[in-house]
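Visitor: I have a model open and want to go through its geometry. Can you take my questions one at a time?

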Amino acid sequence: MTPILAKEKDSFLAAVDTLRRVRTGQDAVWLENLRDDAGSRFEALNLPTTHDEEWKYTNITPLLKLPLRHSTDLDSSHVTREQLEPFTFAEARTSLLVFVNGAFAEELSDLSGIPSGVVVGSIGRLPTEQTSILREHLGTYAPYRDDALVALNTALLADGACVFIPEDVVIESPIHVLFISSASETINAAYPRILLIAGRGSIATVIESYVSTDEQVYFTNAVTEVLVAEHARLDHYRLQEESENAFHIGTTEVLQEGASFYNSCAISLGARLARHNLSLALNGERSESVVNGLYVASEGQHADSHTSIDHRRPNCASHQLYKGILDGTGRAVFSGKIFVREGALHTDARQLNKNLLLSDQASVDTKPQLEIFADDVKCAHGATVGQLEDEELFYLASRGINLERARALLTYGFAEDVIRKIPLGSVRGQLDRIVLDKLHQSLEAE
């Protein structure tokens with residue numbers, strides 16, 4: 001390990017030790033044991049470097065040079081409802097769980113629309129009769145024993161969001177878990193955690209979003225654990241709209257049981273350096289997943305999307321589409337792996353990554369992968385990298401559309417292929433505006 005990484009690791013270890021001392025006696029013994037185990041694993045593991053194949057194109061050294069403040073008692077009272085308004089959605093007004101700088105903000109949350117029996121709340125404030133959910137599932141699906149950053153998140157786990165949908169419950173309104181970063185005199189490090197359980201036969205939609213009130217520097221290390229039980233359906237939308245000076249590393253681990261359906265859409269628009277690791281394990285027959293993503297990186301941004309879909313049982317299907325738009329000196333990385341295990345017969349797995357470069361300085365490294373150890377399967381993967389077609393621009397120009405608006409229309413259409421897969425109107429509208437603003441484009445006629 002380089003001196004920089006070793007020094008910064010000492011800083012993280014000091015934060016883990018401080019949390020241990022501060023929280024001793026305040027939490028259940030099982031939670032303290034989980035944190036201690038994760039802290040030991042973090043101490044034993046190396047932080048990722050570009051020498052690691054999975055981090056070959058993403059260098060986190062600039063992040064590790066920051067004088068981070070690892071606090072778990074940050075004040076959330078300085079964020080107002082007016083500041084929160086641009087980041088909320090009409091469909092989830094009464095099913096909103098808010099965290100500010102890592103701290104649960106009860107005064108900004110509204111859970112009045114959550115049906116009886118459904119558990120939505122702060123991990124640190126769940127009633128005693130509901131903590132069995134945490135004890136059974138927390139730390140089960142995210143691999144903290146093998147991943148240093150997941151281990152760090154788990155070792156510093158003091159709070160987070162818990163969403164538990166009981167068996168056969170259908171929730172009409174989406175549940176929105178919102179993590180917001182707000183200005184501070186220090187460079188804060190936050191460790192959001194979400195536990196999301198869709199019980200057998202349940203149907204629900206969850207929005208997970210990361211936003212900022214301004215353009216400050218900070219670090220978000222987020223971990224989301226998901227269980228989709230037998231015959232359940234979960235629509236899961238992850239929106240990353242951090243400050244363009246921030247650093248964001250997120251991990252989503254999903255376990256699907258038999259005949260379940262998991263529909264995911266991950267949008268990455270913010271952060272100076274953003275990385276999202278999404279891993280799915282199809283662990284029951286006839287389970288299906290639809291995994292879509294969109295990343296937009298403009299001047300000075302780096303967006304890294306890593307996906308892994310593990311087909312463990314027969315008769316399962318996965319369909320994946322990730323699209324990227326790169327402008328200025330924006331850079332992106334896409335690495336997608338489909339793994340078909342021995343015995344996973346009749347697997348149907350498809351993966352496609354498409355990238356649009358809007359400048360000569362933009363770049364992308366794309367790596368779709370297939371590993372197949374079973375017969376009688378249908379698997380396909382592919383990747384494309386290109387620019388706006390002159391023929392398409394000429395076609396629009398020949399119909400009286402100026403060049404700038406023609407570029408905007410074609411870029412919008414490229415992104416909209418993913419955005420339109422989200423059925424929530426207010427979410428789509430917000431994403432449309434952000435993407436166009438980010439690329440300094442408009443669909444308005446002059």
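**Strands, rings and packing**

Guide: This is a predicted model. Start with strand β12: β12 and strand β14 (residues 273–282) run parallel, joined by 10 bridges. In that pairing, Phe-247 stands opposite Leu-273 of β14.

Visitor: How many of the 10 residues of β12 are buried?

Guide: Strand β12 covers residues 247–256. In a regular strand the side chains alternate between the two faces of the sheet. Here Phe-247, Ile-249, Thr-251, Glu-253 and Leu-255 point one way, while His-248, Gly-250, Thr-252, Val-254 and Gln-256 point the other way, and all are buried.

Visitor: Which strands are the edge strands of the open sheet of 10 strands?

Guide: The order is β3-β2-β6-β9-β11-β13-β15-β17-β19-β21, with mixed pairing. An edge strand pairs on one side only. The edges are β3 (103–104) and β21 (378–386).

Visitor: What angle does the direction of helix α8 make with that of β17?

Guide: Helix α8 (residues 403–419) packs on the sheet. It touches β13, β15, β17 and β19. Its direction relative to β17 is about 150°.

Visitor: And at what angle does helix α9 run to β11?

Guide: Helix α9 spans residues 425–438. It lies across β9, β11, β13 and β15. The angle to β11 is about 30°.

Visitor: Inside that sheet, which residue of β13 stands opposite Arg-233?

Guide: Strands β11 (residues 233–241) and β13 (residues 261–268) pair in the parallel sense. Eight bridges hold the pairing. Opposite Arg-233 is Phe-261.

Visitor: Now the rings. How many aromatic pairs are there, and why is the pair of Phe-99 and Phe-104 tilted?

Guide: The count comes to seven aromatic pairs. For Phe-99 and Phe-104, the centres are 5.5 Å apart. Planes under 30 degrees apart count as stacked and over 60 as edge-to-face. The angle here falls in the rest, so the pair is tilted, at 55°.

Visitor: Which residues do ring pairs link into a cluster?

Guide: Phe-99 and Phe-104 are in it, and both are buried. Two further members complete the cluster. The set is Phe-99, Phe-104, Phe-179 and Tyr-210.

Visitor: Why does Phe-339 count as partly exposed?

Guide: Buried means under 20% relative accessible area and exposed means over 50%. Phe-339 falls in between, so it counts as partly exposed, at a relative accessibility of 23%.

Visitor: How far from the ring centre of Trp-55 does Arg-275 lie?

Guide: Arg-275 lies over the face of Trp-55. Elsewhere, the charged end of Lys-9 sits over the ring of Phe-42, 5.4 Å from its centre. For Arg-275 the value is 3.7 Å.

Visitor: Last one. What is the radius of gyration of the protein chain?

Guide: The chain has nine helices and 21 strands. For 446 residues the globule rule gives 22 Å, and the chain's value is close to that, so it is as compact as a globular protein of that length. The radius of gyration is 21 Å.

Methods
Residues are numbered from 1 along each chain as its sequence is written. This is a predicted model: local features need pLDDT of at least 70, side-chain atom pairs count only at pLDDT 80 or more; totals for chains, interfaces and linings use all residues. Side-chain values use heavy atoms; hydrogens and water are left out. Two strands pair if DSSP finds at least two bridges between them. Helices (H or I, at least four residues) and strands (E, at least two) are DSSP runs, numbered from the N terminus. Contact means heavy atoms within 4.5 Å. Axes are lines fitted to C-alpha atoms, for helices over the stretch in contact, and angles run from 0 to 180 degrees between N-to-C directions. Rings of Phe, Tyr and Trp (its six-membered ring) pair if their centres lie within 6.5 Å; planes under 30 degrees apart count as stacked, over 60 as edge-to-face and the rest as tilted. Buried means under 20% relative accessible area, exposed over 50%, partly exposed in between (1.4 Å probe, protein chains only). A charge sits over a ring if NZ of Lys or CZ of Arg is within 6 Å of the ring centre and within 35 degrees of the ring normal. The radius of gyration is taken over C-alpha atoms; the globule rule is 2.2 Å times the number of residues to the power 0.38.
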